[in-house]
Structure formats: structure tokens, C-alpha cells
Amino acid sequence: MSQSLRQVGALMRKEFVLEWRQRYALNGMLLYIVGAVFVCYLSFNARKGQLTPIVWNTLFWIILLFTAINAVAKSFVQERAGRLLYYYTVASPVQIIVSKILYNTVLMLVLSLLGFVTYAFVMGNPVQDLGLYIVSLLLGSVGFAASLTLIAGIAAKAENSATLMAVLSFPVVLPLLLLLLRVSKNALDGLDRSLSVDEIVTIAAIDAIVLVLSGLLFPFLWRS
Amino acid sequence: MKKHWWKALAVLIIFFVIVAGLIGPTPRLPILNESIRNVYFHVPLWFGMIILLLTAAIFSGRYLRTGNPDHDHVAVEFTNTALLFGVLGCLTGSVWANFTWGEPWPNDPKLNSVAVGMLLYLAYVILRGSFDDEQRRARISAVYNIFAFAVFVPLIFIVPRLTDSLHPGNGGNPAFGQYNMSSQMRPIFYIGVIGFTLLGVWITELRVRMRRIQAALEE
């Protein structure tokens, strides 16, 4: 057990080192979300606090969704087939998918927090319950990373993987996105936290289902 | 004959449901009036669709475990039939909604969830189309099919229940037990579910046989 955990750790370290060595990809993602936020800001041409909370919230999550799809899509495309084959000989597929999901979760966390800070900076920050909003960002990062990593693995096997990634991932993340929108809207309005418990539990359950399924299904995926 | 009794049963049940559904007694309810008879057709189609999708997911799992291409044929055709049932369920629902709710596609969480669910499975069809190698296609689409079913279930059963919906049994109500169905309607409805599911299995069986023949011809 401890050895397999150490292997997962090593694989994760490899992901981080790889990302750090080709920093243009990471910088690209950071610039992508900042740019998207800025485009929205200019398009709405709104002074601070002029958007209604619903529009504010929905816009932010849509930016986050597109960023997530772009960020996670490259987790399998980036690596050459030969190198993937090498990983598969030294580690079990479950370890590989777990390390990729963990890495993507961290990446999504960084991206969503940075996105949130920039977004709140230019568009004004109407959030009344910041703690709960951060929790929804956290749950969203885990859920997006878990569901999109497997989809990225599927799409990477096909020829037109960019289109397929979008087509496959929109319906898959939608239930998650709808629940997240609701929780973050509650946080935005500063409603009592007990009102959001149901949604948070449901999101956590969906996250768990998706995580377990990714672990179960990925071994079949890489064999082809 | 022994193997085909269930096809006869399907035909009998569907005839029974059509006749009993159209002339049987129903409670007089405001707004619904006679349109409540659609319960015998619209709802069993959705129940049938979910059962067919579950079967498809099970066969996908069996394909992954055994690698037998026949399981893949079965899983695809169950998904296709389920999509057909989904389209029919949408159409019967639209007709019904037009008379009771005033428009064919009201902005209702259950309708939207189902639309997303259909997108989910249409994406499955597209995914299958983008592979040339048969084994690869079978394995990867089986993985996606199981994943899609796991997303489909919360989409249909959890998300609509969290908000108010025009459909009965939603908006916090745990189940559809408080449906305004009288006790005479209930047995016909449940028999209808069995009948439509059997019909779906029959359609699937024919298509699977077609696929098997095609596969044999190609070899």
C-alpha cells in the first residue's frame, strides 16, 4: 500500500516537473483564464457591481468550464505514445489515472482560484459567504478533474480529439455544473449554510462516483 | 415456440394497454382530464428507456470483462433502441404538455435533464463513428457507455428533484407514489412498462441479429 502510494507520488512529481519544464503550456492556461475574464469584462463593459448576481455567477462558471476542458484535454495528448507505453510498464493503470486526476485537481484549483481573484478584481465581488464559495470552487475542481480526465483519455484515442473532447465533456459535466451553480449562488446571496448541505452532499457523491469509475474503467482504456 | 413466447406476450400486452388505456375508466382530474391516458404510453417509454440503458451498460461491462465482440453488438443496439424510446418519449410528452401545460416544450428541469441525457448518448454514437479499428472502438465506447450511465442516473433522478418541476414526484417529493393515479390505472400502467420494455428488447434482438449476420459476412 505504502509503496503504491509512493509510486503515485512519484508519478505526480513527474507531472509537475514536466509541466514546469515546458512552462509555456502552464503559462498558456493561466493567460487563457485571465484573458477570458478580461474579454468578458470588456464585452459587458460593466462598471463594478453592475451585473446581477445570477449573470455574475453563471459567467464565471462558464469561463471555468471552458478553461477546465482546455486544461484537462492536454493531459493525454501532450505525451508521446512511446513514453505512455513506458509508464504502463513501470506502474499500474490505476496509479497512472489517480496521479493524473490529482495533478489535474491541483491544476484546476490553481486556475479556479486565480480566475476567481481576477474575476472579482475586475467585475467586483458580490460574494457574501466567501468560505462557502471557496468550498464550491474546491468541489468543482475535484469534479471537473475527475470526470474530464477519463474523457480526455477517451478522446485522445480518437482521431479528431479536440471536437470529441468538447462533445463528450459538455453533457458529462452538466449535472455537476448545475449543482455547483446552485451552491455558489447560495454562497453569493449569503444564504444560511444549512440550505446548501443537500447540494454539497450530492456534489461530493457525484465526485466520488466519478472518481471510483475512472479508477475502474481506465485499466480497460489504456490497453487498446 | 418455446423461445418466442415473450414476443407474443409483448404484442398481447401492447394491444391490451392500447385498448384498456383508451377505453378504461380514469379519474376526472382538473387540467388533465382525458389526457391522463397518456400515462400508459409516455411514462412506460421512459421506464423502458432507463431499463434498456441499464442493460446496455451491463453488456458494456461484460464486453470489457470478456472481450467477446457479441456483447458489444448487444450493448450498441440496446443504446440505439433506448435513444429511439427517448425520442418517442419526448414526442408523446410534447403532445401531452401542449394540452396540459400550454406549450410543447416548457422550461422544466426534467425536460432539460432528459435533453442533456440524450446528448450524452448521441455523443456515444459520434464517439463510435470516430474509430476505424473495431476492437478499439468496442473497448473505448464500452468504457464511455458505463461512464455515461453513471452520469445519466444523477441527471435524471437527482437534479430534477432539487427544484420545482411540473412533473409529479419532483420538487422534493421522494417518489411518484402520490401520482394522481387511481387504483384501476395502476396495474395497466405497470403492465405497460413490461410490454414496452419487451418490445424494446425485441427490436434490439432483431438489430443484433442483423449485426451478427453482417459481421459473419465480412469475415
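Just after H5(A), Gly124(A) takes a positive phi of about 85 degrees. Helices here are DSSP runs of H or I of at least four residues, strands are E runs of at least two, and both are numbered from the N terminus. H5(A) covers residues 93-123. Its 31 residues should span 45 Å at 1.5 Å a residue, and its end C-alpha atoms are 43 Å apart, which agrees. The expected span is 1.5 Å times one less than the number of residues.

The model is predicted: local features need pLDDT of at least 70, side-chain atom pairs count only at pLDDT 80 or more, and totals for chains, interfaces and linings use all residues. Residues are numbered from 1 along each chain as its sequence is written, while chains are lettered from A and ligands numbered from 1 in the order in which they are written.

Chain B contains 6 helices and 0 strands. Its pattern along the sequence is α-α-α-α-α-α. Of its 219 residues, 38% are buried (20 or more other C-beta atoms within 10 Å of the residue's own, with C-beta atoms placed from the backbone). Contacts require C-beta atoms, placed from the backbone, within 7 Å. Among contacts in chain B between residues at least 6 apart in sequence, 74% join residues at least 24 apart.

Within chain B, the axes of H3(B) (residues 69-100) and H4(B) come within 11 Å and cross at roughly 145 degrees. Axes are lines fitted to C-alpha atoms over the stretch in contact, and angles run from 0 to 180 degrees between N-to-C directions. The crossing is left-handed (the near helix is turned anticlockwise from the far one by less than a right angle). Thr79(B), Leu83(B) and Gly86(B) of H3(B) meet Met118(B), Tyr121(B) and Tyr124(B) of H4(B). This contact has 4 nonpolar, 2 polar and no charged residues. Nonpolar covers Ala, Val, Leu, Ile, Met, Phe, Trp, Tyr, Cys and Pro; charged covers Asp, Glu, Lys and Arg; the others, Gly among them, are polar.

Between the chains, 24 residues of chain B contact 23 residues of chain A. H4(B) (109-129) and H5(B) (134-157) each supply at least two residues of this side of chain B. H5(B) gives the largest share, 12 residues. By class, the side has 20 nonpolar, 2 polar and 2 charged residues.

H6(A) (residues 130-157) and H5(B) have axes that come within 11 Å and cross at roughly 160 degrees. H6(A) is therefore roughly antiparallel to H5(B) (an angle over 145 degrees). Their crossing is left-handed. Leu150(A), Ile154(A) and Lys157(A) meet Arg136(B), Ile140(B), Val143(B), Tyr144(B) and Phe147(B).

Methods
Two residues are in contact if their C-beta atoms, placed from the backbone, lie within 7 Å. Angles under 35 degrees count as roughly parallel, over 145 as roughly antiparallel, 65 to 115 as roughly perpendicular and the rest as oblique. A residue is buried if 20 or more other C-beta atoms lie within 10 Å of its own, exposed if 12 or fewer, and partly exposed in between; C-beta atoms are placed from the backbone.
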